[in-house]
Amino acid sequence: MESQNDQMLQSTSDSNQTNTDASTETTTSSKAKRKPIKPRSAVWDHFTKFVSDEGELKGKCNYCKKEFCCDPKRNGTTALRNHLNSCKKHPHSIETRQAQLSLQKNASDNDVNDLGTLTTWKYDDNAIRKALVHMIIIDELPYRFVEGEGFRSFMRAICPRFRIPSRWTISRDCYDLLIEERSKLKSFSKKNCQRVSLTTDTWTSLQRINYMCITAHFIDNDWKLHKRIINFCPISSHKGEAVGRAIETCLLEWGLDKVFTVTVDNASSNDVAICYLKKKLANWGVSVANSTYLHMRCMAHIINLIVQDGLKDVNDSVMKVRDAVRYIRSSPARLKRFKEYESQDPMFKIDMGENGIPDYYDWTQVRKMADMLAHFYELTLRISGSRYVTSNLFFSEISDLAFILNQWINSNDFDMKSMGERMKVKFDKYWGDVDKMNKIIYFAVVLDPRDKFEFMEYSFSQMYGKEKGVELFNKVKSCLFDLFNEYKKMYQPDVEQFNDNSSQQLSGSCSTTGSINPKPKFFLKHHYKKQKLEESGGFDSKIELEVYLSEAIQEEKEDFDVMKWWKINSKRFPILGKMARNILAIPVSTVASESAFSTGGRVLDSFRSSLTPKIVEGLICVQDWIRPLNIQVNVEEDLEELEKLEEGMLYTLSYLC
């Protein structure tokens, strides 16, 4: 009995086990057959899901290949969705992101009533980074500026999405901008530069490295004057041959072989450099008038030498006043005591000495000299510009200066007479002999429609006497026609080709359509006209210069623009217009190159003296290329304005207290 019961229990157990195994098998089979759930988020249309080597579930962007954690329990898809809205390589990102309205005002606008221009703005990481590079270069900031906590805090507040680059990245971006802007300038000059005039000067930096700056000046096809620094390189020495070789290398790198003039200071080494360049230009076959007009002496340097000679024998009063001013400005406390009254500062008398304190006579003499030298100061400012034409001012300025010096010499005032005589000696050394001067400065006056030849003959007679003045006038006139004839040989074929094409288009528009019997070309008549043209020296082109000179001069107006006049009339005078483009672009001073050394002094200060010459060249050149033309840099602080500001602040503080 017991055995039967055991058998029944065993069979029941086996049956239950069989049912359990069958149930498990059915469940396992159902699980194996279930399909995986498809991701429901739209972001997976743009991302690929994968498992990393660390076993983490991640998603990779299909466009920029960036990876993000996307575990559904810990991360989700928020990071993926945010990236999709800002991905630069997403093909529909520009269309899907909404632009914002922005009220922008031009940096050059000083009108407070101008509300600016309403434009659209979109976040652009590359544009912000490029603007940062521009700020570093234009404001002459160190590369480490981007790593400063103040700047980073500022950027987090205004644009937290922007990833601030390191100083090494900024330095590479600056170099990339140099390559980009240089390529643009080369392409522009190749298409728009007819001939180039150069200014150059040398400078020794804080690093004890000799630098040379070369600036190119030219007028483009739209009659706009351009000034561009094309080289700021270290130079082995200040000797003439080294300067000449450096200029040659620079011209070859830029592909600028058609050089019209080179403006330099009066150092003897520059004479050697100009002779070296004349030989090179002759070998290249691109010189004009055999480089007769290549050498231009800096007018500002000559004026400085004239003033220095005039002040040689007036040192007593001038030195007293200079020492007093130097003492007073050495500290704010001394300046304050001097304003109250100089007798309250006992150290003033001790330091200056009894005979060193300027008295009433000394101050009177210095005031008189200041009035006399005001003309030289204003003259220097006028000729030192690089954003406007200065070559047409040269002759008028030196003729006025000669007139003033002659008045001083004939004055009854002993000091004025003595100063005038000393200055006149130096004046005659550089500008007393017309044969030694570059006659291109007279041509620039003739090409100014407000002057032409009318004023020149009278000025020569006043400066050099009537007989010699007439002789010099005729010589200058002859040289001008010679230069015009050379331009006629260079550009007459182009003008004739232009006229022929125009006449052919005109005749074609008037001819019968489908004509099979065109007008025959008479070869003998054509040969006859060509021969007569050569015998007459090109009567058509010659008339062009004579017609210009025969027309009435333009009225003197403050808003007269000589460039605008030639832009309008160059079609009437095509060959003369090409002469004007070259001559009016000539700078009469080297200030354009010397001003770069002020920038170099700020770039290479005591905190940035480790910059390599290549980086220095890049920073200075790019700054000159990207800076707006209408923004002028003022590197000097106005003491009076600072004093007014300080007084206003003190008054406000006293009122608040």
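Trainee: Is Trp 223 buried or exposed?
Mentor: Trp 223 is buried, at 8% relative accessibility; buried means under 20% relative accessible area, exposed over 50%, and partly exposed in between, with a 1.4 Å probe and protein chains only. Bear in mind that this is a predicted model, where local features need pLDDT of at least 70, side-chain atom pairs count only at pLDDT 80 or more, and totals for chains, interfaces and linings use all residues. Residues are numbered from 1 along each chain as its sequence is written, and side-chain values use heavy atoms, leaving out hydrogens and water.

Trainee: Where does Trp 223 sit, then?
Mentor: In the loop between strand S7 (210-219) and strand S8 (225-234). Strands (E, at least two residues) and helices (H or I, at least four) are DSSP runs numbered from the N terminus.

Trainee: And what's phi of Trp 223 near?
Mentor: Near 60°, a positive value in a residue other than glycine. Ala 289 also has a positive phi, near 55°. Ala 289 lies in the loop between helix H8 (268-284) and strand S10 (295-297), and is buried at 16% relative accessible area.

Trainee: New topic: at what angle do H14 and H15 cross?
Mentor: The axes of H14 (residues 394-409) and H15 (residues 414-431) cross at roughly 145° and come within 8 Å. Axes are lines fitted to C-alpha atoms, for helices over the stretch in contact, with angles from 0 to 180 degrees between N-to-C directions.

Trainee: Which residues in H14 and H15 meet?
Mentor: Among them are Phe 394, Leu 401 and Trp 408 in H14, and Met 416, Phe 427 and Trp 431 in H15. Contact means heavy atoms within 4.5 Å.
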